[in-house]
Amino acid sequence: MNISSDEASSALQEIEASRRAMRTALQAHRGHLYLWIWGVAWVVVSALNWMYEQRALRAMLWIWGAGLVATLVIGFFQGRQIRSKIDKRFMGVCVTLLAFGYFVWPTLLGDLHSYDFRSYKGAYGYFTVLWMQLYMVAGIWFDNYWFWIGLAVTVLVVGTLLIVPAFFWAVTLLLGLVLIGTGFHVRYFWR
């Protein structure tokens, strides 16, 4: 079977058009919305913590809850647009890390009910780093930019707590802006 150069050219153009459409669909679902949601939540929570410290706890819980609801809604709608199975092993790893981080380690290292940390900043740093583990696991499992975000945030949070704790809230505010900026990069420039 022989095909003409016009037929071959047309077939290659159709393949390229299909590849572009697939890249556009994947780019629209790579996680930028999640980065924007959690970046904004992080900026607001950091600003509240900077101004009110522990008195901001109740507002923090509402903000994190709203972020979780928004995440689930986006996941639901994106799941209807691009069908893929939920990776049960990945979800199992995430649940295990969170269970250990919220219950096992505090029980072994301190009082479970009071989360007896040395300071409120230390507690906030601990839970930030706990969630950054999930970012790093997602980076290992899926797109590696998640890993680098998690690692960078972890290093900055721990470094700030140990070296310049007076600037801790400013750095956490900046990290929220980094998530927002990364969301823009992933959405508009990631190839």
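The accessible surface of this protein comes to about 12,700 Å², and 69% of that belongs to carbon and sulfur atoms (areas follow the Shrake-Rupley method with a 1.4 Å probe, and for residues only the protein chains shown count as cover). Please keep in mind that this is a predicted model: local features need pLDDT of at least 70, side-chain atom pairs count only at pLDDT 80 or more, and totals for chains, interfaces and linings use all residues. Residues are numbered from 1 along each chain as its sequence is written, and side-chain values use heavy atoms, with hydrogens and water left out.

Let's start with the fold. The protein has seven helices and zero strands (DSSP runs numbered from the N terminus; helices are H or I with at least four residues, strands E with at least two). Of its 191 residues, 31% are buried (under 20% relative accessible area; exposed is over 50%, partly exposed in between, with a 1.4 Å probe and protein chains only).

Now to the rings. The structure holds 15 aromatic pairs (rings of Phe, Tyr and Trp, the last by its six-membered ring, with centres within 6.5 Å; planes under 30 degrees apart are stacked, over 60 edge-to-face, the rest tilted).

Tyr 126 is partly exposed at 24% relative accessible area, while Phe 127 counts as buried at 18%. Phe 184 and Tyr 188 sit four residues apart in helix H7 (residues 168-188), about one turn of the helix. Elsewhere, Tyr 120, Tyr 124, Phe 168 and Trp 169 form one aromatic cluster.
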